[in-house]
Amino acid sequence: MGRLEGRTVDPAALEMLKHAEEQGLETAWDRCRAQEPLCGFGNLGVCCRICLQGPCRIDPFGEGATRGICGAQDYSIVARNLIRSIAGGTAAHSDHGRHVALTLLAHLDGHAPDYRIADPAKAEAVARRIGLDPAGKTPQEITREVTLAALRDFSRLEEEPCTWVTSTVTPGMTEKFEECAIMPSNINGAIAEVMHRSTMGVDADPVNLIFGGLKSALADYAGCHLSTDLTDILFGTPRPVRSYANLGVIDPEKVNITVHGHIPLLSEIVVDVAREMEDEARAAGAAGINVVGICCTANEVLMRKGIPLATNFIAQELAIMTGAVDAIIVDLQCIMPALKTLCECFHTRLITTIPFSKIPGAYHVDFREEKAKESARRIVKLAIEAYRERDPAKVHVPQVKNEVVAGFSLEAMLEIFASVNREKPIRALVDAIEEGEIRGIALFAGCTNTKARHDDGHLTIARELARNDVFIVATGCAAGAMAKAGYMTSGAVKEFAGPGLTRFLERLGKASGFEGGLPLAFHMGSCVDNSRPVDLAVLIAKEMGSDVADIPFVATAPEAMHEKAVSIGAWAVTLGFPTHVGVIPPVYGSSLVTEVVTKIAEDVFGGYFILETDPLKAAQKLIEALNYRNWRRKYSRASLDEAMVAE
Ligand code: NFS
Ligand code: SF4
């Protein structure tokens with residue numbers, strides 16, 4: 001395997017990496033080499049910088065220091081570092097959700113006229129779920145009540161549980177979280193508690209620390225879930241939509257605007273405004289305006305508006321290197337500061353939009369909800385201006401793109417399932433599991449990361465699981481990997497699915513009249529939308545009369561990168577999912593902490609981490625996890641039958 005081939009399996013990314021080398025342009029992969037060897041202490045999690053006496057570090061070989069200056073041992077240091085990343089992830093996801101909530105409120109108060117309540121039915125459904133009575137109320141009133149309830153989940157001072165946890169999981173799970181004292185009462189408080197207990201001289205008990213981290217992780221889950229709900233109300237619940245993915249979606253004939261980041265508050269409006277400003281682009285000599293996405297913003301606008309996805313996280317620089325991106329608009333999270341230097345080599349405008357997320361040297365358009373369209377127009381104008389400066393000699397767009405069908409909210413999936421079981425749509429899936437037609441379900445989530453070969457983990461594991469009749473759902477940059485590779489098409493079913501999965505998908509596709517057939521992997525949205533697969537799992541668990549910890553449903557983040565991936569992984573385990581991570585988080589510095597997250601967690605929550613860097617071995621372990629759950633379910637049912645016979 002060539003050096004560049006070792007970096008990615010995405011043909012478009014590979015072509016651009018070669019181009020980058022020819023042009024002398026630097027990428028994250030090059031900077032990664034400059035970092036090598038990565039600090040061993042940091043990698044193992046045994047470096048402590050939380051007080052000014054340090055940094056202290058523990059010698060993993062037992063030859064040097066075994067304790068920090070204060071006497072903290074490896075397990076305290078590793079656990080403290082770990083839960084601080086969970087708190088970081090929680091802050092990111094939930095602040096995203098809070099932002100959406102505040103925009104909705106501003107709109108309801110008449111201060112954000114460019115928005116509308118796109119999905120009143122969702123507002124009503126959420127209201128009912130959280131125990132509000134929508135009868136006789138207008139969509140505005142219902143939305144206001146729902147939004148205020150969501151904001152209460154951030155700020156409640158009483159010791160009552162977060163509404164977005166209790167109303168979305170099974171009673172058994174709620175009970176478990178209460179019993180373990182990890183039920184958050186408010187999101188901000190859970191983050192503050194982690195930060196406090198992990199400061200110098202507070203909690204040194206690794207297990208206690210981890211439980212504190214899990215409370216924050218559940219707060220993260222609440223933040224993700226309310227974010228999905230409110231975004232659906234504001235912009236609509238996704239329905240199946242067709243589009244394209246990979247760098248070939250960048251159109252050299254047009255003004256190309258890339259939306260990158262996470263919150264769709266601005267990017268949704270940019271998409272609308274761009275459509276209105278096509279004439280201005282034509283006046284500048286372009287064939288029109290082409291909006292494409294990177295990272296989770298891409299997923300949001302792909303799911304709701306069919307906007308093409310250019311690429312996922314680690315390849316973000318490669319999009320700029322095509323020389324045909326006129327403006328890249330970023331909001332927050334997963335945006336490499338390196339984009340700035342790179343944009344300087346081209347005509348590309350890098351435009352930051354959030355007051356607390358700036359990059360030195362970038363354009364900054366202060367995005368305000370009250371003047372959303374105005375901000376969007378300024379941005380599109382900047383892009384058109386930049387287009388005039390584009391140097392055609394620098395344009396190099398790989399001709400690689402694949403068809404994709406996305407937009408599978410849970411609501412959309414249930415509509416498809418209803419075609420074979422109108423009364424109880426979820427039975428379509430449960431029957432297929434119980435009859436052994438499909439082995440179970442796997443959620444592919446998380447990022448891409450220089451520590452793994454780009455997209456390889458996602459695609460290799462997906463192929464293995466599909467061959468073994470596992471139903472696949474995906475979010476985040478994992479979904480991006482599958483979309484780019486053509487796995488979100490019915491063609492991929494023919495290519496990769498085992499006989500059971502093929503039968504299941506073809507039967508459903510036929511019954512629902514799904515145009516073009518159902519895809520191999522179902523795109524459920526951005527990373528905050530990991531709430532959607534959880535809703536799916538909870539629905540299955542309820543139908544099977546059990547909890548998520550009992551059903552054959554696994555999660556995998558083969559190329560995790562962000563603190564958000566750590567917090568999602570932590571709540572996935574807490575909710576009961578066997579959760580594979582393909583990049584080892586900094587826990588190996590403490591055998592105790594490693595033991596807790598990979599083994600003991602299962603005794604308490606049913607979920608546990610599978611840490612495995614080899615994609616094929618990881619696939620095997622995920623299949624074993626599904627087999628075990630199926631066997632246990634059959635076995636317990638068999639013993640139940642026996643007991644009844646004996647009576
Ligand atoms: Ni999730 Fe999405 Fe991608 Fe990772 Fe970043 S974009 S929120 S964190 S890198 S999947
Ligand atoms: Fe060192 Fe303890 Fe301070 Fe950490 S808290 S830096 S281990 S003295």
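The second largest pocket of this predicted model has a volume of about 460 Å³. A pocket here is an open set of points on a 1 Å grid over the protein atoms alone, with protein on both sides within 12 Å along at least five of seven lines, and lining residues have an atom within 4 Å of a point. The volume is the space filled by probe spheres set on the points, which are joined across faces, edges and corners. Of its 21 lining residues, K122, R129, L410, E411 and D535 come closest to the centre. Two or more lining residues come from each of helix 5 (120–129), helix 10 (206–235), helix 17 (410–418) and helix 23; helices (H or I, at least four residues) and strands (E, at least two) are DSSP runs, numbered from the N terminus. Domain 2 (74–235) and domain 4 (405–646) each put in at least three residues, with domain bounds taken from an automatic or database domain assignment. By class, the lining splits into seven nonpolar, five polar and nine charged residues. Ala, Val, Leu, Ile, Met, Phe, Trp, Tyr, Cys and Pro count as nonpolar, Asp, Glu, Lys and Arg as charged, and the others, Gly among them, as polar.

Next come the cavities, sets of points where a 1.4 Å probe fits but cannot get out. Three of them reach 30 Å³ or more. The largest cavity holds about 100 Å³ of space, and C48, C51, C56, C70 and R80 are the closest to its centre among 15 lining residues. This cavity lies between domain 1 (11–57) and domain 2 (74–235), because both give residues to its lining. The second largest cavity has a volume of about 60 Å³. Helix 11 (264–276) supplies at least two of its lining residues, as do strand 4 (255–260) and strand 7 (327–330); the share of helix 11, three residues, is the largest.

As for ligand 1, its nickel atom gets a single donor from the protein, C527 (SG), 2.2 Å away. Donors are N, O and S atoms within 2.8 Å of the metal (3.2 Å for Na, K and Ca); water is not among the atoms, so sites may look incomplete. C527 sits in the loop between strand 13 (521–525) and helix 23 (531–543). Ligand 1 lies between domain 3 (247–394) and domain 4 (405–646), since both give residues to its shell.

Residues are numbered from 1 along each chain as its sequence is written, and chains are lettered from A and ligands numbered from 1 in the order in which they are written. In this predicted model, local features need pLDDT of at least 70, side-chain atom pairs count only at pLDDT 80 or more, and totals for chains, interfaces and linings use all residues, while side-chain values use heavy atoms, with hydrogens and water left out.
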